[in-house]
Amino acid sequence: MKPFSFFFATLLSVVSCYAQKNDTLRKYLDNKLEFASRATSAYPAIAIRQSDGWFLMAMYPDSSVLLRAHFKDKNFTIKNGPYILYHPKNIKAIQGTYVLNVPEGPWTYWHANGQLKDSGVLVNNVMCGLWQSWSASGKKLVSANYTNQPVNLPVPAPARRKPT
């Protein structure tokens, strides 16, 4: 019975290591936050498989968080879910949500000093409703209301042909 237990425990650990290897990937980002090789990268990242896609977390050289993003595919081409970008020292820069690569819902932007910069809602990547902007000192600069309704432009009448 002991040899069977040892074999089972060994098999379980090998399967766990294999599964973990396929569920966690090292990734690298360049200064434009595009995927790069290790040699040309500026930021290291780790991607972890989740039930609905992949979670990516990239770090600054000082080990503070740079980016937390969710992707639908293993190729990391379709952003899908929460997206948070940070200024250095864990100060949020951008927070929003992607739905199949399209920004959707509430989006918030911050200045590097942590002051709120812009805030509003995107519907299919179009500003909708109340958007507000603030200066780096916290002074409100702009409040604007947007609609995401398409503009109905008049359709030009077709040109008439001259009888031949």
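**Notebook: strands, a serine and a pocket**

I began in E7, where Thr-108 turned up as the bridge partner of Gln-95. A reminder to myself: this is a predicted model.

Next I looked up how E6 (residues 91-99) and E7 (residues 102-110) are joined: they run antiparallel, with five bridges. The two strands form a hairpin with two residues between them, and I noted a positive phi of about 50 degrees for Leu-100 in the turn.

Then I turned to E5 and E6. Seven bridges join this antiparallel pair, and I found Tyr-83 opposite Gly-96 in E6. Their hairpin has three residues between the strands, and Lys-89 takes a positive phi near 65 degrees there.

Lys-89 came up again when I checked Ser-64: leaving aside neighbours within four places in sequence, Ser-64 is in contact with Met-59, Lys-89 and Asn-90. I located Ser-64 in the loop between strand E3 (53-59) and strand E4 (65-71). Is Ser-64 buried or exposed? Its relative accessibility is 8%, so I put Ser-64 down as buried, the cut-off being under 20%. I also saw its side chain make a polar contact with the side chain of Asp-62, at 2.6 Å.

Last, I looked at the largest pocket, with a volume of about 160 Å³. It is lined by 13 residues, and closest to its centre I listed Leu-33, Glu-34, Phe-35, Phe-71 and Lys-79. E4 and strand E5 (79-87) are the elements that give two or more residues to this lining, and E4 has the largest share, with three. By type, I sorted the lining into nine nonpolar, two polar and two charged residues.

Methods: Residues are numbered from 1 along each chain as its sequence is written. This is a predicted model: local features need pLDDT of at least 70, side-chain atom pairs count only at pLDDT 80 or more; totals for chains, interfaces and linings use all residues. Side-chain values use heavy atoms; hydrogens and water are left out. Helices (H or I, at least four residues) and strands (E, at least two) are DSSP runs, numbered from the N terminus. Buried means under 20% relative accessible area, exposed over 50%, partly exposed in between (1.4 Å probe, protein chains only). A polar contact is a pair of N or O atoms within 3.5 Å; within protein, one must be able to donate a hydrogen and the other to accept it, and residues adjacent in sequence count only if both atoms are side-chain atoms. Contact means heavy atoms within 4.5 Å. On a 1 Å grid over the protein atoms alone, a cavity is a set of points where a 1.4 Å probe fits but cannot get out, and a pocket is an open set with protein on both sides within 12 Å along at least five of seven lines; lining residues have an atom within 4 Å of a point. Grid points are joined across faces, edges and corners, and a volume is the space filled by probe spheres set on the points. Ala, Val, Leu, Ile, Met, Phe, Trp, Tyr, Cys and Pro count as nonpolar, Asp, Glu, Lys and Arg as charged, and the others, Gly among them, as polar. Two strands pair if DSSP finds at least two bridges between them.
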